Amino acid sequence: MNADKVKLRVFHRTKNDISLLWSMDNLNPDQRANVKVLCEGKPLSVSTTEAGAHDDVARNTMICLIDHESNGLKHDAKYNLQVILGGDKTEPLIRKIMVLEYGVLPPYDRDKKSARTHLMGWEPSSSTWVKVNVVRVADGTYALPVVIIGGAK
């Protein structure tokens, strides 16, 4: 099986823009530097940046931002985009992706939202949110472990 190493995906869709991501791990310099995005054959004006340490995505990932207004796109329309990486000095990589309307989840994300929900608690010593663990008790139910600090006075 030949897996796609570009891993093109829609990261976010708002009323104002579309964010696409793809991996740069297996791209040559021409494919990294020369990016074109087409919508129904029409070239779009895009802004691309490599993910940095402050971004919420993996390193070596390209972030592509497509503004609706400057490209004549509507937030309530579905688009089939074509991303072309390279082509000036090497063979271009061409990937197609469907971007759904704002507020519409892809079919595979519609099921089991609760499966992606985690109970979180604040951990003050590290100033971070952490997953809260549960324990199974004798009757088969679950309980939250609790540590009582300093007894009643």
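Reader: Before we start, what should I know about the model and its numbering?

Author: The model is predicted, so local features need pLDDT of at least 70 and side-chain atom pairs count only at pLDDT 80 or more, while totals for chains, interfaces and linings use all residues. Residues are numbered from 1 along each chain as its sequence is written, and side-chain values use heavy atoms, with hydrogens and water left out.

Reader: Thanks! How do I read strand pairing, and which strands form the open sheet?

Author: Strands of a sheet pair through backbone hydrogen bonds, either parallel or antiparallel. Strands (E, at least two residues) and helices (H or I, at least four) are DSSP runs, numbered from the N terminus. Two strands pair if DSSP finds at least two bridges between them. Here, an open sheet of four strands has the order E4-E3-E7-E8, with antiparallel pairing. Its edge strands, E4 (42-43) and E8 (93-99), each pair on one side only. Five bridges hold E3 (residues 35-39) and E7 (residues 79-85) in an antiparallel pair, and Leu38 has Gln82 in E7 as its bridge partner.

Reader: What does E2 pair with?

Author: E2 runs antiparallel to E1, with four bridges between them, and a hairpin of three residues connects the two. One example is Arg9, whose bridge partner in E2 is Leu21. E2 also pairs with E6 in the antiparallel sense, over seven bridges, and Leu20 stands opposite Cys64 in E6.

Reader: Is E2 buried or exposed?

Author: Buried means under 20% relative accessible area, exposed over 50%, and partly exposed in between (1.4 Å probe, protein chains only). Seven of the seven residues of E2 are buried, so E2 is largely enclosed by the rest of the structure. Asp17, Ser19, Leu21 and Ser23 point one way, whereas Ile18, Leu20 and Trp22 point the other way.

Reader: Which residues touch the most other members of the largest nonpolar core?

Author: In soluble globular proteins, nonpolar side chains tend to be buried together. A nonpolar core is a set of buried Ala, Val, Leu, Ile, Met, Phe, Trp, Tyr and Cys residues joined through side-chain atoms within 4.5 Å. The largest one here has 22 residues, and Leu20, Trp22, Val37, Ile66 and Leu81 touch the most other members. E2 (17-23), E3, E6 (61-67), E7 and E8 each supply at least two residues of this core. E7 gives the largest share, four residues.

Reader: Now for charges: how many salt bridges does the structure hold?

Author: Side chains of opposite charge can pair when their charged atoms come close. A salt bridge is a side-chain nitrogen of Lys or Arg within 4 Å of a carboxyl oxygen of Asp or Glu. The structure holds one, between Asp4 and Arg95 (2.9 Å, N to O). This pair links distant parts of the chain, 91 residues apart: Asp4 lies in the segment before E1 (9-13), Arg95 in E8. Asp4 is partly exposed, with a relative accessible area of 36%; Arg95 is also partly exposed, at 23%.

Reader: And what does the side chain of Asp30 reach?

Author: Asp30, in helix H1 (residues 29-33), is buried yet has no salt bridge; Lys89, the nearest side chain of opposite charge, is 5.9 Å away. Lys and Arg count as positive and Asp and Glu as negative, with His and the chain ends not counted. The Asp30 side chain reaches the backbone nitrogen of Gly87 at 3.0 Å.

Notes
Polar contact = N/O pair within 3.5 Å; in protein donor to acceptor, adjacent residues only side chain to side chain.
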